[in-house]
Amino acid sequence: MPREFVSPRNEPETPSNTFSYFFREAVRRIWVSKRNSFVAIAMIAISLLIVGAFLLVAENLGRAAAQWQGKSRIIVYLEPTVTPQQVQAVDTFLAARPELARRRFVTREEALARFKSYFANLSEVVGQLDDNPFPPSYEVEVDPRLVQSRGLVNNIALLRGMAGVEQVQYDWQWLMRLRRLVNIINVIGLVAGGILGIAACFTIANVIRLTMVLYREEIEIMRLVGATERIIRGPFLIEGFLQGTIGGVLAVALLFVLYEAARRSLAPSSSILWSFLFLGFLPWQKMAALIVGGMLAGWFGSWLSVRGNTSDAT
Amino acid sequence: MIHFYHVTKRFDRYSTALHDITLHIEKGEFAFLTGPSGAGKSTLLKLILRQIEPSEGQVVVNGRNLNAMKRTQLPFFRREIGMVFQDFKLIDRMTVFENLSFILTVLNVPPKEHKKRTYQALRNVNLHHKLNAYPQHLSGGEQQRVAIARALINDPLMLIADEPTGNLDPELSQEILQIFAEANLRGSTVLLATHDRELIRASGRRTITLEHGRVVDEKARTIERPMVREGLFGIGAS
């Protein structure tokens with residue numbers, strides 16, 4: 001006997017096996033529209049790759065900044081003609097102040113040797129000079145918490161006025177510039193990625209729209225036999241979600257491959273400056289964020305398409 | 001079961017498909033809807049399925065006023081109707097089995113039951129050997145029977161068919177009508193739109209005739225109870 005009419009309130013809107021149906025259908029549709037799906041996935045991957053590249057550079061510069069911040073330094077450059085008495089006076093001045101007491105004297109020879117080791121490519125140029133151009137200096141380690149204290153600023157001013165002192169340089173000045181740079185890189189990455197991400201969303205939306213046109217007749221049939229909008233839309237939403245996920249995973253994988261290739265080809269021959277960029281790959285949280293970004297972009301793109309398109313009355 | 005109260009359907013100022021239709025089809029009834037092409041048969045069926053809404057009047061199906069039905073309730077309402085479309089509306093990329101089991105997915109039937117129920121539905125229309133065929137590889141008659149099996153797979157409260165025997169030879173038409181008669185015996189209300197007067201005459205069932213969008217003739221049924229086993233439509237059930 002036929003069943004009595006079942007009120008929608010008493011019947012679950014989606015069947016228990018719906019989700020496996022959504023996934024099967026979504027995978028099949030991606031496969032059927034391979035070319036369009038490829039474009040959507042590529043757009044997501046490129047957008048996230050660009051965001052990821054900026055994040056990676058910012059991450060490594062941030063790591064370098066953190067390393068340096070742990071050993072914030074003042075460098076007191078002495079005049080090349082400084083006398084031993086003047087050096088002694090500077091040393092006494094530093095020793096008398098607890099925040100400046102952790103000091104190390106760097107001779108001209110040591111400074112030259114360091115330069116040669118850091119900048120191997122330039123060592124020949126320096127070797128051609130008649131005289132050692134590097135002045136002697138004091139490297140003073142300062143507690144990072146004191147770097148902006150009034151007392152320290154006053155002491156630096158006093159140091160600058162001492163005989164035999166040519167220049168006093170604080171690491172944290174450019175450290176702060178570096179931090180600003182890291183922030184700018186992050187912002188540029190997010191803005192560029194955001195713009196590309198929006199473009200990727202619309203690409204996905206268009207791909208899904210095309211798929212929907214392809215399945216227009218089928219959607220009509222589904223609606224006539226009693227499929228809910230959720231059942232009709234589900235595979236399209238999952239399709240966008242899968243495209244976004246694949247794009248996200250692909251972006252992280254590509255970024256890793258490019259990072260490794262760059263690290264191997266650039267790092268050995270380059271200076272310490274390059275090594276700042278290869279301190280490590282993105283932490284897992286940021287990798288996950290990129291993939292989740294892809295998922296959301298895919299979901300949002302397909303949602304844009306299905307939002308109005310499937311609800312036409314039939 | 002199906003009630004039309006002064007229903008008019010206009011598509012635009014110059015084209016009125018139905019004029020002031022009032023008709024009632026009771027639960028368990030088997031009725032034919034007939035009339036020449038353009039008489040309004042398909043429009044009337046579309047109103048029952050709420051593919052379109054009336055310009056005036058009320059359509060009440062199974063106690064529900066379709067004018068007042070919310071869009072979210074529509075799928076659940078349609079699940080109670082087995083509809084056989086004139087152009088079959090089978091999904092070409094799906095096999096016969098998938099075309100039917102898809103309905104079961106929509107209807108929340110556990111997947112483990114799909115095979116059994118699909119096979120049974122196809123057996124009823126004598127097409128169980130075509131489970132894995134694609135619709136485009138079937139003849140018109142076979143596609144029609146798949147569409148009927150799909151409409152019947154859930155033992156619907158109502159079975160509505162739009163020209164289900166169009167383009168079929170008379171013998172096949174009788175076979176298909178036999179299937180409808182059996183569904184009617186199982187309790188489904190059947191409304192069948194056709195312009196094949198020979199079929200209607202042979203059946204002796206209630207007939208509603210439309211012309212230019214108006215009911216011009218209603219012939220009450222002449223047989224009290226359909227006797228399928230004895231060959232209601234001129235052939236014996238086999």
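**View 1. Confidence along chain A.** Chain A has a mean pLDDT of 80, with 85% of its residues at 70 or more. Among the elements of chain A, helix α3 (residues 84-95) has the highest mean pLDDT, 90. The lowest mean, 64, belongs to helix α10 (residues 272-275) of chain A. Over residues 1-15 of chain A, pLDDT stays under 50, and the model has 26 contacts beyond four places in sequence for this stretch. Where pLDDT is low, the predicted coordinates should not be read in detail.

**View 2. The open sheet of chain A.** Here 4 strands of chain A line up in the order β2-β3-β1-β4, with antiparallel pairing. The edges are taken by β2 (103-106) and β4 (165-170) of chain A; each has a single partner strand, so one side of each is left without a neighbour in the sheet. From one strand to the next, the twist averages 15°.

View 3. Look at β2(A) beside strand β3 (residues 137-141) of chain A: the two pair in the antiparallel sense over 4 bridges.

**View 4. The open sheet of chain B.** Turning to chain B, we find an open sheet of 4 strands, ordered β2-β1-β4-β5 and paired in the antiparallel sense. At its edges are β2 (15-25) and β5 (64-65) of chain B, each pairing on one side only. Helix α1 (residues 41-48) of chain B lies across β1, β2 and β4 of chain B. This helix of chain B runs at about 115° to β1(B).

**View 5. Strand β1 of chain B and its two partners.** Strand β1 (residues 2-12) of chain B pairs in the antiparallel sense with strand β4 (residues 56-61) of chain B over 5 bridges. In this pairing you can pick out B:Thr8, opposite B:Glu56 in β4(B). With β2(B), β1(B) forms an antiparallel pair over 7 bridges. B:Phe4 has B:Leu23 in β2(B) as its bridge partner. Follow the chain from β1(B) to β2(B) and you will meet the hairpin that joins them through 2 residues.

Notes. Residues are numbered from 1 along each chain as its sequence is written. Chains are lettered from A and ligands numbered from 1 in the order in which they are written. This is a predicted model: local features need pLDDT of at least 70, side-chain atom pairs count only at pLDDT 80 or more; totals for chains, interfaces and linings use all residues. pLDDT is the predictor's confidence in each residue, from 0 to 100. Two residues are in contact if their C-beta atoms, placed from the backbone, lie within 7 Å. Two strands pair if DSSP finds at least two bridges between them. Axes are lines fitted to C-alpha atoms, for helices over the stretch in contact, and angles run from 0 to 180 degrees between N-to-C directions.
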